[in-house]
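Reader: I have a model open on my screen and would like to walk through it with someone. Could you take my questions one at a time?

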Amino acid sequence: MSHNTIALNQQRQPLDHLDSVWLFGYGSLIYKADFPYLQRKPACIYGWQRRFWQGSHDHRGTPEAPGRVLTLIEAPGERCAGMAYQVTPQTFTHLDHREKNGYLRFFTELHWQDEPGQTAGLVYLASADNEAYLGPDSDAAIAAHIAVSAGPSGPNSEYLLQLAAALRELGEHDEHVFAIERELLNLLA
Ligand code: BEZ
């Protein structure tokens with residue numbers, strides 16, 4: 001699959017008939033909401049884990065030297081916490097462009113963190129068949145890769161450190177993220 005997914009997302013899943021849509025952020029969307037939203041609430045999804053297994057050619061790396069950013073991997077019984085935003089369908093014009101490097105959007109069930117209830121919402125997911133996919137590696141190797149990567153949105157290390165800080169602010173522990181953060185901090189020390 002081509003790693004530019006803008007047209008694919010718009011063809012597969014037109015949203016214009018809806019008044020608003022919930023979007024679940026599990027990565028940079030937790031701390032970087034560079035779009036208007038109607039409301040936001042901490043939320044989680046079940047059956048998925050975040051992993052630094054996707055290459056970034058356009059934000060935290062370059063086509064010649066891709067960085068490492070997040071995708072979601074199916075993981076029965078696991079929980080992935082993040083932030084949900086209620087947005088208008090027009091917001092996806094911006095988001096599909098921001099997340100064009102291999103990510104397709106899917107509807108899944110979002111569960112509120114601070115209140116009972118759930119709703120359907122969209123997540124961006126880069127599957128193993130996209131051209132920018134890198135796949136698993138050890139925490140140390142992922143941290144070493146992140147330490148030397150940078151792109152138009154800034155250093156790859158900033159992405160990891162801001163994500164870890166945002167998860168702590170939500171009161172969430174994600175061992176994959178925190179183990180790579182520990183390795184990165186050791187490298188930077
Ligand atoms: C997110 O923060 O939810 C996100 C992660 C990767 C791509 C797009 C969005």
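Author: Happy to, and let's begin with Glu172, which is buried, with a relative accessible area of 14%. Keep in mind that this is a predicted model.

Reader: How many residues apart are Arg79 and Glu172, the pair whose side chains meet in a salt bridge?

Author: The N to O distance in this salt bridge is 2.9 Å. Arg79 belongs to strand 3, while Glu172 sits in the loop between helix 5 and helix 6. The pair therefore links distant parts of the chain, and the separation is 93 residues.

Reader: Is Arg79 buried, partly exposed or exposed?

Author: Buried means under 20% relative accessible area and exposed means over 50%, with partly exposed in between. Arg79 has 32% relative accessibility, so Arg79 counts as partly exposed.

Reader: How many salt bridges does a search of the whole structure find?

Author: One of them is the bridge between Arg79 and Glu172. Searching the whole structure gives a total of six.

Reader: Which parts does the salt bridge of Arg50 with Asp174 tie together?

Author: The closest N and O atoms of Arg50 and Asp174 are 2.6 Å apart. Arg50 lies in strand 2 (residues 39–56) and Asp174 in the loop between helix 5 and helix 6, so the bridge ties together parts that are 124 residues apart in sequence. The parts you asked for are strand 2 and the loop between helix 5 and helix 6.

Reader: What are the relative accessible areas of Arg50 and Asp174?

Author: Both fall under the 20% limit for buried. The values are 2% for Arg50 and 12% for Asp174.

Reader: Let's turn to the ligand. What is the distance from its oxygen atom to a polar backbone atom of Gly27?

Author: Gly27 is among the residues that come nearest, along with Gly25, Tyr26, Leu29 and Tyr103. For the backbone of Leu29, the distance to an oxygen atom of the ligand is 2.9 Å. For Gly27, the distance is 2.7 Å.

Reader: How much of the accessible area that the ligand has on its own does the protein cover?

Author: A backbone N or O atom of Ser28 also lies 3.2 Å from an oxygen atom of the ligand. On its own, the ligand has 260 Å² of accessible area, and the protein covers 99%.

Reader: Which residues make the nonpolar surface patch of about 280 Å²?

Author: One member lies in helix 6, namely Leu185. At 43% relative accessibility, Leu185 counts as partly exposed. The patch is made by Leu185, Leu187 and Leu188.

Technical notes: Residues are numbered from 1 along each chain as its sequence is written. This is a predicted model: local features need pLDDT of at least 70, side-chain atom pairs count only at pLDDT 80 or more; totals for chains, interfaces and linings use all residues. Side-chain values use heavy atoms; hydrogens and water are left out. Patches are made of residues with over 30% relative accessible area and no salt bridge: like charges are joined within 9 Å, nonpolar side chains (Val, Leu, Ile, Met, Phe, Trp, Tyr) within 5 Å. Accessible areas come from the Shrake-Rupley method with a 1.4 Å probe; for residues, only the protein chains shown count as cover. A salt bridge is a side-chain nitrogen of Lys or Arg within 4 Å of a carboxyl oxygen of Asp or Glu. Helices (H or I, at least four residues) and strands (E, at least two) are DSSP runs, numbered from the N terminus. Buried means under 20% relative accessible area, exposed over 50%, partly exposed in between (1.4 Å probe, protein chains only). A residue is near a molecule or strand if one of its heavy atoms lies within 4 Å of it. A polar contact is a pair of N or O atoms within 3.5 Å; within protein, one must be able to donate a hydrogen and the other to accept it, and residues adjacent in sequence count only if both atoms are side-chain atoms.
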